[in-house]
Amino acid sequence: MKNICILRASPRRYGNTNTLTDLVSACWQEAGCSVTEFDLYNMDIRPCTACRACQKDWSTTACAQQDDLQRVFPAVLESDLILLATPIYSWYCTPPMKAALDRLVYAMNKYYGDEKGPSLWKGKSVAMVVTCGYRPQQGADLLEEGIRRYCRHSGLQYAGMLCERHLGYRTEFMDDEKRLHAQAFAQRFL
């Protein structure tokens with residue numbers, strides 16, 4: 001992987017998800033990858049309205065909404081790997097990530113117009129860094145299945161998930177085992 005686009009969707013800059021993502025990103029940068037990161041919580045990202053304006057031009061993302069996601073579209077198109085980094089809230093991703101995913105699926109897939117067009121991002125890889133309060137098989141399973149389906153629908157390659165559990169607000173999240181997991185996860189893509 002040479003070009004990596006990281007979409008961060010944690011409300012806390014120094015929270016659990018961002019701490020893990022920082023480790024993964026640092027590994028990739030040290031290996032010489034070009035890493036472009038977006039903090040979705042600090043961006044103006046409006047929800048998709050299904051207006052289908054994006055379906056008129058099959059050569060570009062062309063979303064009618066002129067918000068901060070316009071900066072994300074080209075970075076996603078130029079990337080080899082898209083990393084989705086989000087804590088789990090109510091068994092799914094946070095609202096900024098959901099808004100970005102909805103807008104990306106329409107803008108990148110020209111499936112929804114009068115005629116079916118191409119997927120502009122077909123073949124790209126998608127991976128996730130996720131944190132949750134439950135065991136991953138009960139805390140992140142719905143998000144992972146949703147992203148697997150999202151990838152199949154879009155012609156993307158689902159590349160896996162790093163999911164770490166936090167045992168509560170009175171416990172320290174980061175430990176040596178989680179650091180090793182983050183480093184091993186990052187190495188898989190090099």
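Is arginine 149 buried or exposed?

Mentor: Arginine 149 is exposed, because its relative accessibility is 52%. The cut-offs are simple: buried is under 20% relative accessible area, exposed is over 50%, and partly exposed lies in between (1.4 Å probe, protein chains only). Before we go on, note that this is a predicted model, in which local features need pLDDT of at least 70, side-chain atom pairs need 80 or more, and totals for chains, interfaces and linings use all residues. Residues are numbered from 1 along each chain as its sequence is written, and side-chain values use heavy atoms, with hydrogens and water left out.

Now find the partner. Arginine 149 forms a salt bridge with glutamate 145, at 2.9 Å from N to O. A salt bridge here needs a side-chain nitrogen of Lys or Arg within 4 Å of a carboxyl oxygen of Asp or Glu. Both residues sit in helix α5, four residues apart, or about one turn. Helices are DSSP runs (H or I, at least four residues), as are strands (E, at least two), and both are numbered from the N terminus. An α-helix has 3.6 residues a turn, so residues three or four places apart point the same way. Glutamate 145 has a relative accessible area of 32%, so it counts as partly exposed.

Leucine 142 is partly exposed, because its relative accessibility is 49%. With Trp91 and Tyr134, Leu142 makes a nonpolar surface patch of about 340 Å². Patch residues have over 30% relative accessible area and no salt bridge; like charges are joined within 9 Å, nonpolar side chains (Val, Leu, Ile, Met, Phe, Trp, Tyr) within 5 Å. The areas come from the Shrake-Rupley method with a 1.4 Å probe, and for residues only the protein chains shown count as cover.

Next, go inside. Ile147 is among the residues with the most contacts in the largest nonpolar core, along with Leu7, Leu40 and Leu84. That core has 39 residues. A core is a set of buried Ala, Val, Leu, Ile, Met, Phe, Trp, Tyr and Cys residues joined through side-chain atoms within 4.5 Å. Helix α5 supplies at least two residues of this core, as do β1, α2, β3, α3, β4 (125-132) and β5 (157-165). The largest share, eight residues, comes from α3. In soluble globular proteins, nonpolar side chains tend to be buried together.

Leaving out residues up to four places away in sequence, leucine 7 touches Phe38, Leu40, Val72, Ile82, Leu83, Leu84, Ala85, Met97 and Leu104. Here contact means heavy atoms within 4.5 Å. Val72 is one of the buried residues of α2 (residues 69-78), together with Leu69, Phe73, Ala75 and Val76. These buried α2 residues pack against β1 (3-8), β2 (34-39), β3 (81-87) and α3 (95-108).

Back to charges, for a contrast. The structure has twelve salt bridges by this rule. Aspartate 22 pairs with arginine 8, with the closest N and O atoms 2.7 Å apart. Aspartate 22 is in helix α1 and arginine 8 in strand β1, so this bridge ties together parts 14 residues apart in sequence. Arginine 8 is buried, because its relative accessible area is 5%. Aspartate 22 is partly exposed at 28% relative accessibility. Arginine 13 also bridges to aspartate 22, at 3.3 Å between the closest N and O atoms. Arg8, Arg13, Asp22 and Glu37 are linked in a network of salt bridges.

What about disulfides? The structure holds zero of them, a disulfide being a pair of cysteine sulfur atoms within 2.5 Å. Cysteine 93 is in none; its nearest cysteine sulfur is that of cysteine 151, 13 Å away. Cysteine 93 is buried, because its relative accessibility is 8%.
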